[in-house]
Amino acid sequence: EKAGYKHFMQKEIFEQPRTVADTISGFSSQINEDLYNTVVNADRIYIIACGTSYHAGLVGKFWIEKFAKIPVEVDYASEYRYRDKIINDKTVIIGISQSGETADTRFALIDAQKEGAKTIGIVNVVGSSLSREADYTLYTYCGPEIGVAATKTFTAQLIVLLLFALELGLKKNTITKDLYEDLQQKILSIPSKIEKILLKEKSIKDIAYKYMNASDFLFLGRNINYPIALEGALKLKEISYIHAEGYPAGEMKHGPIALIDDKLPVVALAPMDKFYEKMISNIQEVKARKGKLIAVATEGDENIKELVDDIIYIPKTEDELYPILTVVPLQLLSYHIATLLGKDVDQPRNLAKTVTVE
Ligand code: F6R
(Lines give C-alpha, C1' and ligand atoms only; values in the text may rest on other atoms or scores of the structure.)
Protein backbone atom coordinates (compact mmCIF):
# COMPACT_ATOMS: atom_id res chain seq x y z
CA GLU A 1 0.00 0.00 0.00
CA LYS A 2 2.68 2.47 1.01
CA ALA A 3 4.99 1.15 -1.70
CA GLY A 4 8.05 1.04 0.55
CA TYR A 5 7.47 4.44 2.15
CA LYS A 6 6.97 4.79 5.89
CA HIS A 7 3.81 6.87 5.62
CA PHE A 8 1.22 7.81 3.04
CA MET A 9 2.27 11.43 3.39
CA GLN A 10 5.83 10.59 2.38
CA LYS A 11 4.62 8.43 -0.50
CA GLU A 12 2.31 11.19 -1.69
CA ILE A 13 5.07 13.82 -1.54
CA PHE A 14 7.21 11.53 -3.70
CA GLU A 15 4.40 10.92 -6.18
CA GLN A 16 4.38 14.58 -7.18
CA PRO A 17 6.54 14.34 -10.30
CA ARG A 18 3.95 11.92 -11.67
CA THR A 19 0.80 13.61 -10.36
CA VAL A 20 1.96 16.97 -11.70
CA ALA A 21 2.74 15.40 -15.09
CA ASP A 22 -0.63 13.61 -15.16
CA THR A 23 -2.47 16.81 -14.27
CA ILE A 24 -0.64 18.68 -17.05
CA SER A 25 -1.53 16.05 -19.63
CA GLY A 26 -5.11 15.68 -18.41
CA PHE A 27 -5.87 19.38 -18.46
CA SER A 28 -6.69 20.34 -22.02
CA SER A 29 -9.33 17.69 -22.72
CA GLN A 30 -11.48 19.13 -19.93
CA ILE A 31 -11.82 22.52 -21.49
CA ASN A 32 -14.69 23.44 -23.73
CA GLU A 33 -15.69 26.65 -25.54
CA ASP A 34 -18.64 27.19 -23.27
CA LEU A 35 -16.46 27.20 -20.17
CA TYR A 36 -13.96 29.58 -21.75
CA ASN A 37 -16.58 31.99 -22.98
CA THR A 38 -18.11 32.11 -19.52
CA VAL A 39 -14.84 33.01 -17.88
CA VAL A 40 -13.45 35.27 -20.60
CA ASN A 41 -16.53 37.45 -20.24
CA ALA A 42 -16.45 37.47 -16.44
CA ASP A 43 -15.94 40.80 -14.73
CA ARG A 44 -14.84 39.21 -11.49
CA ILE A 45 -13.77 35.82 -10.17
CA TYR A 46 -14.10 34.62 -6.60
CA ILE A 47 -12.00 31.68 -5.53
CA ILE A 48 -13.51 29.90 -2.55
CA ALA A 49 -11.83 27.11 -0.58
CA CYS A 50 -10.60 25.92 2.82
CA GLY A 51 -7.18 25.08 4.23
CA THR A 52 -4.53 24.03 1.74
CA SER A 53 -6.93 24.45 -1.18
CA TYR A 54 -7.40 28.08 -0.09
CA HIS A 55 -3.63 28.59 -0.33
CA ALA A 56 -3.70 27.22 -3.87
CA GLY A 57 -6.40 29.81 -4.58
CA LEU A 58 -4.18 32.61 -3.29
CA VAL A 59 -1.48 31.61 -5.79
CA GLY A 60 -4.11 31.25 -8.52
CA LYS A 61 -5.14 34.87 -8.01
CA PHE A 62 -1.64 36.03 -9.03
CA TRP A 63 -1.75 33.94 -12.21
CA ILE A 64 -5.28 34.85 -13.30
CA GLU A 65 -4.72 38.55 -12.69
CA LYS A 66 -1.33 38.48 -14.40
CA PHE A 67 -2.17 36.43 -17.47
CA ALA A 68 -5.92 36.94 -17.95
CA LYS A 69 -6.32 40.39 -16.34
CA ILE A 70 -9.53 39.46 -14.56
CA PRO A 71 -9.86 40.72 -10.95
CA VAL A 72 -9.83 37.84 -8.47
CA GLU A 73 -10.82 37.70 -4.82
CA VAL A 74 -9.93 34.69 -2.72
CA ASP A 75 -11.88 33.83 0.37
CA TYR A 76 -12.26 31.11 2.96
CA ALA A 77 -15.50 29.31 2.15
CA SER A 78 -16.71 29.63 5.74
CA GLU A 79 -16.31 33.41 5.52
CA TYR A 80 -17.58 33.88 2.01
CA ARG A 81 -20.82 32.06 2.72
CA TYR A 82 -21.95 34.54 5.31
CA ARG A 83 -20.91 37.75 3.59
CA ASP A 84 -23.20 39.98 1.57
CA LYS A 85 -22.22 38.77 -1.84
CA ILE A 86 -22.03 40.97 -4.88
CA ILE A 87 -22.99 38.60 -7.65
CA ASN A 88 -24.30 39.01 -11.16
CA ASP A 89 -24.35 36.87 -14.28
CA LYS A 90 -20.78 37.93 -15.03
CA THR A 91 -19.52 36.58 -11.71
CA VAL A 92 -17.57 33.34 -11.80
CA ILE A 93 -16.95 31.32 -8.65
CA ILE A 94 -14.14 28.78 -8.58
CA GLY A 95 -14.40 26.32 -5.70
CA ILE A 96 -11.23 24.37 -4.99
CA SER A 97 -11.57 21.14 -3.04
CA GLN A 98 -9.46 18.02 -3.12
CA SER A 99 -12.25 15.86 -1.72
CA GLY A 100 -15.11 17.70 -3.37
CA GLU A 101 -17.03 17.08 -0.15
CA THR A 102 -16.04 20.01 2.08
CA ALA A 103 -19.36 21.37 3.32
CA ASP A 104 -18.41 25.04 3.49
CA THR A 105 -17.00 25.06 -0.04
CA ARG A 106 -19.93 23.13 -1.52
CA PHE A 107 -22.59 25.30 0.06
CA ALA A 108 -20.80 28.54 -0.82
CA LEU A 109 -20.89 27.45 -4.47
CA ILE A 110 -24.50 26.33 -4.34
CA ASP A 111 -25.61 29.63 -2.77
CA ALA A 112 -23.72 31.68 -5.34
CA GLN A 113 -25.14 29.56 -8.15
CA LYS A 114 -28.66 30.31 -6.92
CA GLU A 115 -27.87 34.01 -7.15
CA GLY A 116 -26.83 33.65 -10.77
CA ALA A 117 -23.07 33.07 -10.65
CA LYS A 118 -21.39 30.48 -12.87
CA THR A 119 -19.46 27.91 -10.89
CA ILE A 120 -16.33 25.87 -11.56
CA GLY A 121 -15.00 23.14 -9.28
CA ILE A 122 -11.33 22.16 -9.12
CA VAL A 123 -11.58 18.69 -7.63
CA ASN A 124 -9.51 15.53 -7.20
CA VAL A 125 -12.19 12.97 -6.40
CA VAL A 126 -14.12 11.92 -9.50
CA GLY A 127 -17.87 11.99 -9.03
CA SER A 128 -17.66 13.86 -5.70
CA SER A 129 -20.49 16.17 -4.65
CA LEU A 130 -18.80 19.38 -5.79
CA SER A 131 -18.05 17.93 -9.21
CA ARG A 132 -21.77 17.19 -9.64
CA GLU A 133 -22.95 20.52 -8.29
CA ALA A 134 -20.63 22.89 -10.15
CA ASP A 135 -21.46 24.05 -13.69
CA TYR A 136 -17.99 22.92 -14.82
CA THR A 137 -15.32 20.72 -13.26
CA LEU A 138 -11.58 20.70 -13.76
CA TYR A 139 -9.89 17.66 -12.28
CA THR A 140 -6.52 17.20 -10.69
CA TYR A 141 -5.13 13.75 -11.56
CA CYS A 142 -3.56 12.59 -8.31
CA GLY A 143 -5.34 9.36 -7.47
CA PRO A 144 -6.48 8.99 -3.86
CA GLU A 145 -4.74 11.13 -1.26
CA ILE A 146 -4.78 9.22 2.01
CA GLY A 147 -2.52 11.25 4.31
CA VAL A 148 -4.63 13.86 6.09
CA ALA A 149 -2.15 16.59 5.16
CA ALA A 150 -2.72 17.64 1.56
CA THR A 151 0.48 17.49 -0.50
CA LYS A 152 0.23 16.10 -4.04
CA THR A 153 -3.24 17.58 -4.50
CA PHE A 154 -1.90 21.06 -3.69
CA THR A 155 0.74 21.04 -6.43
CA ALA A 156 -1.83 19.62 -8.86
CA GLN A 157 -4.32 22.38 -7.95
CA LEU A 158 -1.57 24.89 -8.72
CA ILE A 159 -1.02 23.29 -12.13
CA VAL A 160 -4.72 23.49 -13.00
CA LEU A 161 -4.94 27.14 -11.94
CA LEU A 162 -1.80 28.03 -13.89
CA LEU A 163 -2.82 26.24 -17.10
CA PHE A 164 -6.29 27.73 -16.84
CA ALA A 165 -4.92 31.26 -16.39
CA LEU A 166 -2.66 30.80 -19.42
CA GLU A 167 -5.50 29.51 -21.62
CA LEU A 168 -7.67 32.44 -20.60
CA GLY A 169 -4.84 34.85 -21.32
CA LEU A 170 -4.34 33.40 -24.77
CA LYS A 171 -8.05 33.54 -25.50
CA LYS A 172 -8.32 37.13 -24.23
CA ASN A 173 -5.12 38.23 -25.95
CA THR A 174 -3.75 39.45 -22.65
CA ILE A 175 -0.60 37.37 -23.20
CA THR A 176 1.39 36.82 -26.36
CA LYS A 177 1.51 33.47 -28.10
CA ASP A 178 5.29 33.50 -27.52
CA LEU A 179 4.98 33.89 -23.77
CA TYR A 180 2.26 31.25 -23.71
CA GLU A 181 4.42 28.75 -25.58
CA ASP A 182 7.50 29.54 -23.59
CA LEU A 183 5.70 28.96 -20.29
CA GLN A 184 4.10 25.74 -21.55
CA GLN A 185 7.61 24.44 -22.25
CA LYS A 186 8.85 25.46 -18.81
CA ILE A 187 5.82 23.85 -17.17
CA LEU A 188 6.71 20.55 -18.83
CA SER A 189 10.04 20.60 -17.01
CA ILE A 190 8.44 21.05 -13.56
CA PRO A 191 8.14 17.29 -12.80
CA SER A 192 11.88 16.72 -13.29
CA LYS A 193 12.63 19.77 -11.14
CA ILE A 194 10.46 18.38 -8.35
CA GLU A 195 12.38 15.12 -8.75
CA LYS A 196 15.63 16.99 -8.08
CA ILE A 197 14.21 18.54 -4.90
CA LEU A 198 13.06 15.13 -3.66
CA LEU A 199 16.66 13.89 -3.95
CA LYS A 200 17.53 16.33 -1.15
CA GLU A 201 15.37 14.50 1.38
CA LYS A 202 18.35 13.44 3.50
CA SER A 203 19.66 16.97 3.96
CA ILE A 204 16.16 18.28 4.65
CA LYS A 205 15.83 15.61 7.33
CA ASP A 206 19.10 16.85 8.88
CA ILE A 207 17.64 20.36 9.02
CA ALA A 208 14.44 18.94 10.56
CA TYR A 209 16.55 17.25 13.25
CA LYS A 210 18.32 20.50 14.05
CA TYR A 211 15.11 22.49 14.60
CA MET A 212 12.61 19.86 15.73
CA ASN A 213 12.57 21.09 19.33
CA ALA A 214 11.63 24.67 18.52
CA SER A 215 8.30 25.76 19.94
CA ASP A 216 7.47 28.21 17.16
CA PHE A 217 8.35 28.73 13.51
CA LEU A 218 7.93 31.70 11.21
CA PHE A 219 7.61 31.27 7.44
CA LEU A 220 8.23 34.28 5.21
CA GLY A 221 7.59 34.81 1.53
CA ARG A 222 6.76 37.63 -0.83
CA ASN A 223 4.35 38.01 -3.72
CA ILE A 224 3.51 34.68 -5.35
CA ASN A 225 5.52 32.79 -2.71
CA TYR A 226 3.70 34.40 0.20
CA PRO A 227 0.85 31.83 0.02
CA ILE A 228 3.55 29.13 0.15
CA ALA A 229 4.73 30.59 3.47
CA LEU A 230 1.15 30.17 4.72
CA GLU A 231 1.07 26.61 3.40
CA GLY A 232 4.45 25.76 4.99
CA ALA A 233 3.15 26.99 8.35
CA LEU A 234 -0.12 25.05 8.00
CA LYS A 235 1.70 21.81 7.11
CA LEU A 236 3.99 22.14 10.11
CA LYS A 237 1.31 22.97 12.65
CA GLU A 238 -1.18 20.33 11.59
CA ILE A 239 1.19 17.36 11.71
CA SER A 240 3.87 18.34 14.26
CA TYR A 241 1.68 20.50 16.57
CA ILE A 242 4.40 23.15 16.59
CA HIS A 243 3.01 26.65 16.44
CA ALA A 244 3.86 28.26 13.11
CA GLU A 245 2.90 31.41 11.29
CA GLY A 246 3.24 32.40 7.68
CA TYR A 247 3.72 36.07 6.89
CA PRO A 248 4.38 38.28 3.91
CA ALA A 249 8.03 39.21 4.52
CA GLY A 250 7.34 42.91 4.00
CA GLU A 251 4.82 42.91 6.85
CA MET A 252 7.35 41.72 9.41
CA LYS A 253 8.27 45.15 10.62
CA HIS A 254 4.61 45.87 11.33
CA GLY A 255 4.49 43.43 14.21
CA PRO A 256 5.86 39.89 13.95
CA ILE A 257 9.49 41.03 14.01
CA ALA A 258 8.92 41.40 17.76
CA LEU A 259 8.80 37.58 17.96
CA ILE A 260 12.33 37.11 16.68
CA ASP A 261 14.99 35.94 19.08
CA ASP A 262 17.83 33.42 18.94
CA LYS A 263 15.42 30.53 19.43
CA LEU A 264 13.07 31.24 16.55
CA PRO A 265 13.61 29.35 13.30
CA VAL A 266 12.57 31.48 10.33
CA VAL A 267 12.03 29.78 7.00
CA ALA A 268 12.61 32.31 4.23
CA LEU A 269 11.44 31.63 0.69
CA ALA A 270 14.08 33.42 -1.34
CA PRO A 271 14.10 32.18 -4.92
CA MET A 272 15.95 34.29 -7.49
CA ASP A 273 12.93 36.13 -8.77
CA LYS A 274 12.23 39.83 -9.02
CA PHE A 275 11.67 40.05 -5.26
CA TYR A 276 15.02 38.49 -4.39
CA GLU A 277 16.73 41.72 -3.25
CA LYS A 278 13.77 42.65 -1.08
CA MET A 279 13.73 39.19 0.46
CA ILE A 280 17.46 39.47 1.20
CA SER A 281 16.79 42.69 3.15
CA ASN A 282 14.11 40.89 5.13
CA ILE A 283 16.58 38.06 5.81
CA GLN A 284 19.08 40.63 7.08
CA GLU A 285 16.43 42.03 9.43
CA VAL A 286 15.93 38.57 10.91
CA LYS A 287 19.67 37.94 11.15
CA ALA A 288 20.24 41.25 12.96
CA ARG A 289 17.85 40.00 15.65
CA LYS A 290 19.62 36.63 15.84
CA GLY A 291 16.78 34.55 14.40
CA LYS A 292 17.79 31.17 12.98
CA LEU A 293 17.43 31.27 9.21
CA ILE A 294 16.56 28.43 6.88
CA ALA A 295 16.43 29.61 3.27
CA VAL A 296 14.79 28.02 0.27
CA ALA A 297 16.99 29.44 -2.48
CA THR A 298 17.80 28.95 -6.14
CA GLU A 299 20.60 26.58 -7.11
CA GLY A 300 23.73 28.64 -7.74
CA ASP A 301 22.89 31.39 -5.24
CA GLU A 302 26.19 31.53 -3.33
CA ASN A 303 25.57 34.98 -1.94
CA ILE A 304 22.84 33.80 0.42
CA LYS A 305 25.18 31.31 2.16
CA GLU A 306 26.76 33.86 4.44
CA LEU A 307 23.40 35.22 5.58
CA VAL A 308 21.60 32.07 6.65
CA ASP A 309 22.15 29.02 8.85
CA ASP A 310 20.75 26.40 6.48
CA ILE A 311 19.85 26.32 2.80
CA ILE A 312 17.63 24.09 0.73
CA TYR A 313 18.37 24.64 -2.95
CA ILE A 314 15.72 24.29 -5.64
CA PRO A 315 16.28 24.36 -9.41
CA LYS A 316 15.98 27.60 -11.32
CA THR A 317 12.70 28.31 -13.11
CA GLU A 318 10.58 31.23 -14.30
CA ASP A 319 9.49 33.68 -11.58
CA GLU A 320 5.84 32.70 -12.00
CA LEU A 321 6.50 28.97 -11.56
CA TYR A 322 8.46 29.04 -8.29
CA PRO A 323 5.52 28.29 -5.94
CA ILE A 324 5.17 24.81 -7.46
CA LEU A 325 8.78 24.16 -6.42
CA THR A 326 9.19 26.11 -3.17
CA VAL A 327 6.38 24.20 -1.46
CA VAL A 328 8.04 20.79 -1.92
CA PRO A 329 10.92 21.28 0.58
CA LEU A 330 8.41 22.68 3.08
CA GLN A 331 6.31 19.52 2.81
CA LEU A 332 9.41 17.40 3.46
CA LEU A 333 10.57 19.62 6.30
CA SER A 334 7.27 19.35 8.17
CA TYR A 335 7.01 15.63 7.42
CA HIS A 336 10.44 14.97 8.95
CA ILE A 337 9.98 17.26 11.94
CA ALA A 338 6.70 15.52 12.75
CA THR A 339 8.03 11.98 12.32
CA LEU A 340 11.18 12.75 14.32
CA LEU A 341 8.88 13.98 17.09
CA GLY A 342 7.03 10.67 16.88
CA LYS A 343 3.75 12.14 15.64
CA ASP A 344 1.26 10.22 13.55
CA VAL A 345 1.59 12.20 10.34
CA ASP A 346 -1.07 10.32 8.40
CA GLN A 347 -3.67 10.70 11.15
CA PRO A 348 -2.94 13.90 13.07
CA ARG A 349 -4.97 14.48 16.22
CA ASN A 350 -8.30 16.32 15.93
CA LEU A 351 -8.29 16.23 12.12
CA ALA A 352 -10.34 14.37 9.52
CA LYS A 353 -9.40 14.06 5.87
CA THR A 354 -12.78 15.31 4.76
CA VAL A 355 -14.76 17.94 6.65
CA THR A 356 -18.40 17.40 5.75
CA VAL A 357 -19.79 19.51 8.59
CA GLU A 358 -19.80 23.27 8.85
C1 F6R B 1 -4.37 20.62 5.09
C2 F6R B 1 -5.62 20.00 4.74
C3 F6R B 1 -6.89 20.77 4.92
C4 F6R B 1 -7.69 20.74 3.63
C5 F6R B 1 -9.05 21.41 3.81
C6 F6R B 1 -9.84 21.47 2.53
O7 F6R B 1 -3.30 19.80 4.83
O8 F6R B 1 -5.63 18.91 4.25
O9 F6R B 1 -6.63 22.09 5.30
O10 F6R B 1 -6.94 21.36 2.64
O11 F6R B 1 -9.80 20.72 4.79
O12 F6R B 1 -10.10 20.20 2.03
P13 F6R B 1 -10.62 19.98 0.56
O14 F6R B 1 -9.56 20.43 -0.37
O15 F6R B 1 -10.93 18.52 0.47
O16 F6R B 1 -11.86 20.83 0.41
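**Reading the ligand shell and a ring pair**

Author: Welcome! The shell around the ligand has 4 nonpolar, 7 polar and 2 charged residues. Here Ala, Val, Leu, Ile, Met, Phe, Trp, Tyr, Cys and Pro count as nonpolar, Asp, Glu, Lys and Arg as charged, and the others, Gly among them, as polar. This is a predicted model, where local features need pLDDT of at least 70, side-chain atom pairs need 80 or more, and totals for chains, interfaces and linings use all residues. Residues are numbered from 1 along each chain as its sequence is written, and side-chain values use heavy atoms, without hydrogens and water.

Reader: Which residues are the closest to the ligand?

Author: A residue is near a molecule if one of its heavy atoms lies within 4 Å of it. In this model 13 residues surround the ligand, and the closest are Ser53, Ser97, Ser99, Thr102 and Glu238.

Reader: Which helix gives the most to the shell?

Author: Helices are DSSP runs (H or I, at least four residues), numbered from the N terminus. H4 gives the most, with 3 residues. Helix H4 (51–68) and helix H12 (226–240) each supply at least two.

Reader: How many aromatic pairs does the structure hold?

Author: Rings of Phe, Tyr and Trp (its six-membered ring) pair if their centres lie within 6.5 Å; planes under 30 degrees apart are stacked, over 60 edge-to-face, the rest tilted. The structure holds 5 such pairs. Tyrosine 36 and phenylalanine 164 are stacked, because their ring centres are 6.1 Å apart and their planes at 15 degrees. Tyrosine 36 lies in helix H3 (residues 33–40) and phenylalanine 164 in helix H8 (residues 152–172), so the pair ties together parts 128 residues apart in sequence.
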